Amino acid sequence: MRSDLAFGALHTVQNRYMLCQLASKATRRFHRPNTRIQDTMNEVFTRIASADRKRVYSEPESADEGQRRAA
């Protein structure tokens, strides 16, 4: 079930908003024509859940570093 996959992927990402952002971007990139989007989303959630946190999403070390990147 997709909700189980989403909860499994939530352990890898910091919060739900970041998970939605990452899953939607990855689904757009990995989707192939003539396949179901649902299958692509399931594959993305599986990949996120099995990946290392540092490899999935680079997080700033501190708040200052995050602000320097945005400016």
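1. Starting with Thr 27: a polar atom of its side chain sits 2.6 Å from the backbone oxygen of Ala 23. That counts as a polar contact (N or O atoms within 3.5 Å; within protein, one must be able to donate a hydrogen and the other to accept it, and residues adjacent in sequence count only if both atoms are side-chain atoms). Thr 27 belongs to helix H2, residues 16–30. Helices here are DSSP runs of H or I with at least four residues, strands are runs of E with at least two, and both are numbered from the N terminus.

2. A word on the model before going on. This is a predicted model, in which local features need pLDDT of at least 70 and side-chain atom pairs count only at pLDDT 80 or more, while totals for chains, interfaces and linings use all residues. Residues are numbered from 1 along each chain as its sequence is written, and side-chain values use heavy atoms, with hydrogens and water left out.

3. Is Thr 27 buried or exposed? Thr 27 is buried, at a relative accessible area of 12%. The cut-offs are under 20% relative accessible area for buried and over 50% for exposed, with partly exposed in between (1.4 Å probe, protein chains only). Setting aside neighbours within four places in sequence, Thr 27 contacts Ile 37, Thr 40, Met 41 and Val 44, where contact means heavy atoms within 4.5 Å.

4. Thr 40 lies in helix H3 and is buried, with a relative accessible area of 6%. Not counting residues up to four places away in sequence, Thr 40 touches Thr 27, Phe 30, His 31 and Thr 35.

5. Overall layout: the protein has 5 helices and 0 strands, giving the pattern α-α-α-α-α along the sequence. Buried residues come to 18% of the 71 residues. Among contacts with a separation of 6 or more, 57% join residues 24 or more positions apart.

6. On to the core. What makes up the largest nonpolar core? There are 10 residues in it: Ala 9, Val 13, Met 18, Leu 19, Leu 22, Ala 23, Ala 26, Val 44, Phe 45 and Ile 48. H2 and H3 each contribute at least two residues to this core, and the largest share, 5 residues, is from H2. For the record, a nonpolar core is a set of buried Ala, Val, Leu, Ile, Met, Phe, Trp, Tyr and Cys residues joined through side-chain atoms within 4.5 Å. Ala 9, one of the core residues, contacts Leu 19, Phe 45, Ile 48 and Ala 49 once neighbours within four places in sequence are left aside.

7. How many salt bridges does the structure hold? The count is 2, with a salt bridge taken as a side-chain nitrogen of Lys or Arg within 4 Å of a carboxyl oxygen of Asp or Glu. One joins Asp 39 and Arg 36 at 3.5 Å, N to O, and Asp 39 is partly exposed at 41% relative accessibility. Another joins Arg 47 and Glu 43 at 3.1 Å, N to O. Arg 47 and Glu 43 are both in helix H3 (residues 37–50), 4 residues apart, or about one turn of the helix. Both ends are partly exposed: Arg 47 has a relative accessible area of 43%, and Glu 43 is at 34%.

8. Arg 47 lies over the face of Phe 30, at 4.6 Å from the ring centre; the criterion is NZ of Lys or CZ of Arg within 6 Å of the ring centre and within 35 degrees of the ring normal. The backbone oxygen of Arg 47 is also reached by the side chain of Ser 50, at 3.3 Å.

9. Ser 50 is in helix H3 and is exposed, at 61% relative accessibility. Ser 50 and Gly 8 are 42 residues apart in sequence but 8.5 Å apart in space, C-alpha to C-alpha. Ala 51 lies in the loop between H3 and helix H4 (53–56), and is partly exposed at 30% relative accessibility. Ala 51 and Thr 12 are 39 residues apart in sequence and 7.2 Å apart in space, C-alpha to C-alpha.

10. Last, a backbone check. Asn 34 has a phi near 65°, a positive value in a residue other than glycine. Most residues other than glycine have a negative phi. Asn 34 sits in the loop between H2 and H3 and is exposed, with a relative accessible area of 85%.
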